[in-house]
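Let's walk through this structure together, moving from its rings to its overall build and then to its core. Keep the 3D view open as you read.

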Amino acid sequence: MKSKKWSHYTKVKYPVSSSLHPLNFFVPIVERVKEGVVSIVTEDAPHGLNVESLIRSLITDESPLPSERSYGSGFIFHPKGYILTSEHVVGKSRTILVKLYNGKVYEAKRVLADRVRDYAVIKIDADCKLTPLRLGSSSDTKVGEWVISIGSPPAAIEAN
């Protein structure tokens, strides 16, 4: 996608409340990348599971302990469904659900994770075309340049 020059946006008269007002210069960037950003919900095994609660759950229909959920975001970097996120988002979770911009939800598999550098790669098998975002390089940046982080706010995910 060819980028437009900023002068294109500044020569137009926008209402002050418009999202395309020249002072809202992040809006066009978000519009370009939003389909590559995903919401992630993980379900972790409950902490503190003891033998007594396990036996009680086998005898009765109650769950031993409710599972714990974590929320985060990531982005698609490969058209085959590879997603980059933070390791602290997926951690040791037993279930990872990914919600795309189009609303579709997929279960993801952990591919690799590095706790020290806090990154993880997960993969989904999507039945639709994915919009990967290009990886950049920090060696191409200079001290003082603007950097933005675009994530997806926590969203309720219904697993089918």
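A charge sits over a ring if NZ of Lys or CZ of Arg is within 6 Å of the ring centre and within 35 degrees of the ring normal. By that rule, the charged end of Lys123 sits over the ring of Tyr82, at 5.4 Å from the ring centre.

Before going further, a word on the model: it is predicted, so local features need pLDDT of at least 70 and side-chain atom pairs count only at pLDDT 80 or more, while totals for chains, interfaces and linings use all residues. Residues are numbered from 1 along each chain as its sequence is written, and side-chain values use heavy atoms, leaving out hydrogens and water.

Now to the aromatic pairs. A pair of aromatic rings is described by the distance of the centres and the angle of the planes. Rings of Phe, Tyr and Trp (its six-membered ring) pair if their centres lie within 6.5 Å; planes under 30 degrees apart count as stacked, over 60 as edge-to-face and the rest as tilted. The count here is two aromatic pairs. Phe26 and Trp146 form a tilted pair, 5.7 Å centre to centre with 45° between the planes. This pair links distant parts of the chain, 120 residues apart: Phe26 is in the loop between helix H1 (6–10) and helix H2 (27–33), and Trp146 is in the segment after strand E7 (119–123). The rings of Phe77 and Tyr82 have centres 6.4 Å apart and planes at 40°, so this pair is tilted.

How does the fold read as a whole? Helices (H or I, at least four residues) and strands (E, at least two) are DSSP runs, numbered from the N terminus. The protein has four helices and seven strands, and along the sequence they follow the pattern α-α-β-α-β-β-α-β-β-β-β.

Next, the interior. Buried means under 20% relative accessible area, exposed over 50%, and partly exposed in between (1.4 Å probe, protein chains only). Buried residues make up 26% of the 160 residues. A nonpolar core is a set of buried Ala, Val, Leu, Ile, Met, Phe, Trp, Tyr and Cys residues joined through side-chain atoms within 4.5 Å. The largest one holds 15 residues, and Val38, Ile40, Ile83, Val98, Leu100, Ile122 and Ile124 touch the most other members. Strand E1 (37–44), helix H4 (87–90), strand E4 (95–99) and E7 each supply at least two residues of this core.

With contact taken as heavy atoms within 4.5 Å, and leaving aside neighbours within four places in sequence, Ile122 has contacts including Ile40, Tyr82, Ile83 and Val98.
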